[in-house]
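Colleague: I would like to go through this model with you. Please begin with the terms and conventions.

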Amino acid sequence: NRRVTVRDLALAKERGEKWPMLTAYDAMTASVFDESGIPVLLVGDSMGNCHLGYETTVPVTMDEIAMLTAAVVRGSSRALVVADLPFGSYQEGPVQALRSATRLVKEAGAGAVKLEGGERSSEQIGLLVRSGIPVMAHIGLTPQSVHAMGYRVQGRGEEAAQQVLRDAKAVQDAGAFAVVLEMVPAGVAAEVTRSLQVPTVGIGAGAECDAQVLVWTDMAGLTPGKLPRFVKRYAELRGALGGAASAFAEEVVSGAFPQGEHTFE
Ligand code: KIV
Ligand code: NA
């Protein structure tokens, strides 16, 4: 029972088979998704928003990513576990990127890392790949740059579309095994998908990508409030979990829980 490899994902593209990726931040949800056959689990720095209570992904640290990556690895046995390099852990250059990625692979057990940026990150990607660490790239909207770009669709208009294509080519040339396209017009994502040999993983990038990723708390309906247009909610966990908590609270207050069956004589 071996884990999914980057080679399996390359073969899937050759065969025209699409695949799903979900984020995971702890061992228990990782085991659920692993048992459900999700082939790739992303320990995303979206943990900043949905697990650690930060407003953005910017404050997430290496220690936080390493701890939760180790948990996801322990909770899964088949999925390829991809760990995000957090903001500030690779921007200084290839050597810093290698030090950070090495820690996530060696100490936390990640099978690959992901970092943001196309042309601007290609030297980092090159050194990691030459050092034996598979890299998933991430272009289009890159949330670690929120203070510079906001949360807006990227690649609208001819010039911006050409930049997305150049970024995609640059990360493929640098050796990335896949590339996330976030909030890119569907037509641009389709063109990138056709022109690359490596798989594209879309989030808000239309139906033509080779794979699709969602943040698990979004797709399971745990995240509160209005969600971006590209999210589909496949469950209503917030209501279900809140209902369980209120039912427990009510039964404790009323004395209905525990009963004899829950009690040691
Ligand atoms: O951190 C994350 O969850 C991500 C995905 C949305 C691609 O980077
Ligand atoms: Na991320």
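Modeller: Helices (H or I, at least four residues) and strands (E, at least two) are DSSP runs, numbered from the N terminus. This is a predicted model, in which local features need pLDDT of at least 70 and side-chain atom pairs count only at pLDDT 80 or more, while totals for chains, interfaces and linings use all residues. Residues are numbered from 1 along each chain as its sequence is written, and chains are lettered from A and ligands numbered from 1 in the order in which they are written.

Colleague: How many helices and strands does the protein have?

Modeller: There are eleven helices and eight strands. Along the principal axes, the C-alpha atoms fill a box of roughly 70 × 40 × 40 Å.

Colleague: What percentage of the residues is buried?

Modeller: Buried residues are 46% of the 265. A residue is buried if 20 or more other C-beta atoms, placed from the backbone, lie within 10 Å of its own, exposed if 12 or fewer, and partly exposed in between.

Colleague: Which members of the largest nonpolar core touch the most others?

Modeller: They are Leu41, Val113, Val135, Ala176 and Val179, in a core of 76 residues. Helix α4 (residues 62-75) contributes the largest share of this core, with six residues. A nonpolar core here is a set of buried Ala, Val, Leu, Ile, Met, Phe, Trp, Tyr and Cys residues joined through C-beta atoms within 7 Å. In soluble globular proteins, nonpolar side chains tend to be buried together.

Colleague: And what is Leu41 in contact with?

Modeller: Beyond four places in sequence, the contacts of Leu41 (C-beta atoms, placed from the backbone, within 7 Å) include Leu22, Phe33, Val72 and Val81. Across the protein, 59% of the contacts with a separation of 6 or more join residues 24 or more positions apart.

Colleague: Changing topic, where does UniProt place the active site?

Modeller: The unreviewed UniProt entry gives "active site" at Glu182. UniProt positions follow the numbering used here, feature names are shortened, and annotations may be inferred rather than shown by experiment. Glu182 lies in strand β6 (residues 178-182).

Colleague: Why does Glu182 count as buried?

Modeller: Glu182 is buried because 22 C-beta neighbours lie inside 10 Å. Leaving out residues up to four places away in sequence, Glu182 touches His138, Gly140, Leu141, Ile203, Gly204 and Ala205.

Colleague: Which residues surround ligand 1?

Modeller: Ligand 1 has around it Thr23, Leu42, Gly44, Asp45, Ser46, Asp84, His138, Val180, Ile203, Val213 and Val215, a residue being near if its C-beta atom, placed from the backbone, lies within 6 Å. This shell comprises five nonpolar, four polar and two charged residues. Ala, Val, Leu, Ile, Met, Phe, Trp, Tyr, Cys and Pro count as nonpolar, Asp, Glu, Lys and Arg as charged, and the others, Gly among them, as polar.

Colleague: Which residues does UniProt list for "binding site"?

Modeller: One "binding site" feature of the unreviewed entry comprises Asp45, Ser46, Asp84 and Lys114. They span 70 residues in sequence, yet no two of their C-alpha atoms are more than 12.4 Å apart, so they gather at one spot. UniProt also places "binding site" (unreviewed entry) at Asp45, Asp84 and Glu116. These are spread over 72 residues of sequence but cluster in space, with a largest C-alpha distance of 10.9 Å.

Colleague: In which strand is Asp84?

Modeller: Asp84 is in strand β3 (residues 80-84). Asp84 is buried, with 28 C-beta neighbours inside 10 Å. Outside four places in sequence, Asp84 touches Val43, Gly44, Asp45, Ile65 and Lys114.

Colleague: What about Glu116, buried or exposed?

Modeller: Glu116 is buried, with 25 other C-beta atoms within 10 Å. Glu116 belongs to strand β4 (residues 112-116), and its contacts beyond four places in sequence are Ser121, His138, Thr142 and Gln144.

Colleague: Finally, where is Ser46?

Modeller: Ser46 sits in the loop between β2 (40-43) and α3 (47-50). Ser46 counts as buried, with 22 C-beta neighbours inside 10 Å. Not counting residues up to four places away in sequence, Ser46 touches Thr23, Thr57 and Val215.

Notes
Two residues are in contact if their C-beta atoms, placed from the backbone, lie within 7 Å.
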